[in-house]
Structure formats: structure tokens, C-alpha cells
Amino acid sequence: MRVERILSADDPRVHDYRAVREPELVRRRGLFIAEGRLIVGRLLARPDAAIRSILVSDAGLAALRDQAADGLASRPDLPLYLAAPEIIDGIGGFHFHRGCLAMAERPAAQDASAIVAAAAPGHPLVIVEALAQADNVGSILRNAQAFGAAGVLLDPATVDPLYRKALRTSMGAALVVPWARLEPWPDALARIRDAGVVLAALTPHAGAQPLDPFVAAHTRRAVALLVGAEGDGLGEAALGAADVHVRILMAPGADSINVATATGIALHALAAT
């Protein structure tokens with residue numbers, strides 16, 4: 001490691017970290033920011049990760065040396081900027097309680113068609129429409145990893161999975177699970193069906209088929225779960241493109257559940273077939 005002490009939030013060596021609250025600016029530069037010791041440790045564990053630098057407190061560095069010693073050792077020229085917690089907070093503009101950030105180059109965009117081709121019985125796809133909450137996007141990716149999904153496809157309006165909060169909530173799954181943008185939206189949904197994948201729209205509507213019989217009837221088919229934003233739900237065009245509408249049965253008086261929770265339930269049911 002090339003450890004360099006940072007004594008001022010105005011130090012030009014950490015200029016890029018001052019954009020931490022402007023995710024679009026970071027993305028336009030072809031970068032993303034990993035936050036937290038666990039996420040940075042998982043980034044270091046990926047030999048293909050193009051990490052530009054790490055900004056860390058003394059306590060954060062000690063934790064990384066315990067958790068990601070091999071990743072650090074494999075990058076002897078990686079700039080590691082060491083700063084007091086209050087300096088790190090001053091650079092980013094708010095409190096980073098874990099005292100650990102990494103700046104990395106965005107990986108090349110993945111091919112949506114290749115992800116669709118990987119769908120198989122027991123390994124469904126997740127297709128996300130208009131999801132603006134980073135926590136939900138991160139949780140869906142974490143669920144996708146946990147239950148062996150083939151990948152996640154996102155419409156153009158859904159938040160970036162490599163946005164700092166989404167990546168943190170995914171517990172690093174956004175670095176592992178295949179994901180891509182599906183465009184043009186919603187016309188590209190027809191390509192999913194043409195590939196022989198059953199397009200199942202998750203919806204709380206009473207007329208939708210219950211999840212359990214749907215799963216039982218599709219044990220030999222590749223399935224794509226189509227999920228939408230909380231509140232508005234899936235748009236009419238997306239619902240119309242689906243082969244089937246599917247709902248999760250709930251106790252009387254409950255009309256819906258969190259979209260990431262619903263996705264996890266459905267993925268578990270499909271993975272268990």
C-alpha cells in the first residue's frame with residue numbers, strides 16, 4: 001500500500017471524494033464510490049476491480065488490514081489516503097460513521113441479452129421499473145444474489161445500482177450479480193418473451209394468480225419477475241406486456257408489502273423449485 005496522510009479537507013489528492021453527494025457527477029466521470037469497511041473489503045477482494053484510491057480513518061485501515069489483507073497486498077501501488085474522521089466528514093460533507101470510502105472505475109456495461117439468455121428454471125430474472133429508492137434497488141440485488149437469480153434488468157428510470165447507498169444496501173451484491181439496463185422501455189420487454197422466458201408481473205391486484213400455484217405450474221420454465229415502484233406500481237404498458245399477473249397472498253387488511261420484500265419472497269419460491 002502507498003499510505004499518504006491527509007491533513008486537510010482541501011487536499012487536492014482527495015478532490016474526487018468531494019463529489020460523494022453528487023452521484024450523477026461521479027457516474028459521468030465513469031466512477032463509483034464504495035462506502036463502508038465491508039463493501040470496500042469486498043471490492044478489494046475482486047481482482048478485476050479497478051480501484052483508484054481508498055480514503056480511510058486509522059480505525060478503518062485497521063479493519064481493512066484484518067478483512068482484506070490479500071486485496072491490499074495485491075495492490076502495492078494503490079493510493080490509500082489516511083485521514084482523521086473529522087477530515088473525512090469535511091471532505092464528503094457529512095458524517096461517515098464507518099470511516100472508509102473507495103473510488104473505483106465503473107465496470108463495462110453488461111449485455112442485457114446475455115443476462116436474459118442465462119435465465120433458467122430455478123434461476124429467474126428480475127426486471128425493475130421506475131424504482132427511485134436506492135435502498136430498494138440494493139435490497140433487490142441482495143435478494144437476487146441470495147436466491148440464485150440469473151440477473152437483474154433495470155428500466156432507464158431506476159436508480160443506479162452502483163450509487164453509493166444502493167451498493168451499500170446490496171452488501172456488495174451489485175458487484176457480483178449480473179445487471180444491465182433494458183432499453184428501449186417498455187418495448188424491450190417483448191424480447192424477454194421472444195426468448196421463451198415467462199414474464200410474470202408482481203402486483204397486489206385481487207385478480208392476479210396467487211404465487212404458489214404459479215410457481216407449481218412453471219417448474220420447468222425460465223421466469224422473469226417484473227416489479228415496479230411502491231405506490232404507483234407497474235405501469236399499464238408493463239402490465240400489458242406480461243404473460244401473467246402474480247400476487248403474494250397476505251393477511252386480511254394488508255394490501256401490499258415492500259417491493260424488495262415481495263421480490264425476495266417470489267425469488268425464494270422460484271429458487272426452491
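1. Three bridges join strand S3 (residues 51–56) to strand S4 (residues 79–82), and the two strands run parallel. Within this pair, Leu55 stands opposite Tyr81 in S4. The model under discussion is a predicted one, and the points below should be read with that in mind.

2. S3 and S4 belong to an open sheet of five strands, whose order is S1-S4-S3-S5-S2 and whose pairing is mixed. At its edges are strand S1 (2–5) and strand S2 (31–35), each of which pairs on one side only. Direction ignored, neighbouring strands of this sheet are turned by 20° against each other on average. Helix H3 (residues 58–67) packs on the sheet, where it touches S1, S3, S4 and strand S5 (100–105), and the direction of H3 makes about 125° with that of S3.

3. A separate point concerns Asp89, which lies in helix H5 (residues 85–92). Is this residue buried or exposed? Asp89 has a relative accessible area of 19% and is therefore classed as buried, the cut-off for that class being under 20%. Once neighbours within four places in sequence are left aside, Asp89 is in contact with Phe94, His95 and Phe96.

4. The model also has an open sheet of seven strands, in the order S8-S7-S6-S11-S9-S12-S10, with parallel pairing. S8 and strand S10 (209–210) stand at the edges with a single partner strand each, so one side of each is left without a neighbour in the sheet. Elsewhere in this sheet, strand S9 (residues 198–202) and S11 pair in the parallel sense over four bridges, and Leu199 stands opposite Ala224 in S11. Helix H12 packs on the sheet, touching S6, S9 and S11, and its direction makes about 170° with that of S11.

5. H12 (residues 259–271) also packs against helix H7 (residues 134–146), at an angle of about 10° and with the axes 9 Å apart; that angle makes H7 roughly parallel to H12. Which residues meet in this contact? From H7 come Asn136, Ser139, Ile140, Asn143 and Ala144, while H12 contributes Val259, Ala260, Thr263, Gly264 and Leu267. By class, the contact has five nonpolar and five polar residues, with no charged residues.

6. Ala260 is buried, with a relative accessible area of 4%, and, not counting residues up to four places away in sequence, it touches Asn136, Ser139, Ile140 and Asn143. Although Ala260 and Asn136 are 124 residues apart in sequence, they are 5.5 Å apart in space, C-alpha to C-alpha.

7. H7 itself has 13 residues and reaches 18 Å from its first C-alpha to its last, close to the 18 Å expected at 1.5 Å a residue. The buried residues in H7 are Ala134, Asn136, Val137, Gly138, Ile140, Leu141, Asn143 and Ala144. What covers them includes H12, helix H8 (164–169), and the strands S6 (125–129), S7 (151–154), S8 (179–181) and S11 (223–228). Just after H7, Gly148 takes a positive phi of about 70°.

Terms used: Residues numbered from 1 in each chain as written. Predicted model: local features only at pLDDT ≥ 70, side-chain atom pairs only at ≥ 80, totals over all residues. Heavy atoms only, no water. Axes fitted to C-alpha atoms, helices over the stretch in contact; angles between N-to-C directions. Parallel < 35°, antiparallel > 145°, perpendicular 65-115°, else oblique. Contact = heavy atoms within 4.5 Å. Nonpolar A, V, L, I, M, F, W, Y, C, P; charged D, E, K, R; others polar. Expected span 1.5 Å × (residues − 1). Buried < 20%, exposed > 50% of the residue type's maximum accessible area, 1.4 Å probe, protein only. Pairing = 2+ DSSP bridges.
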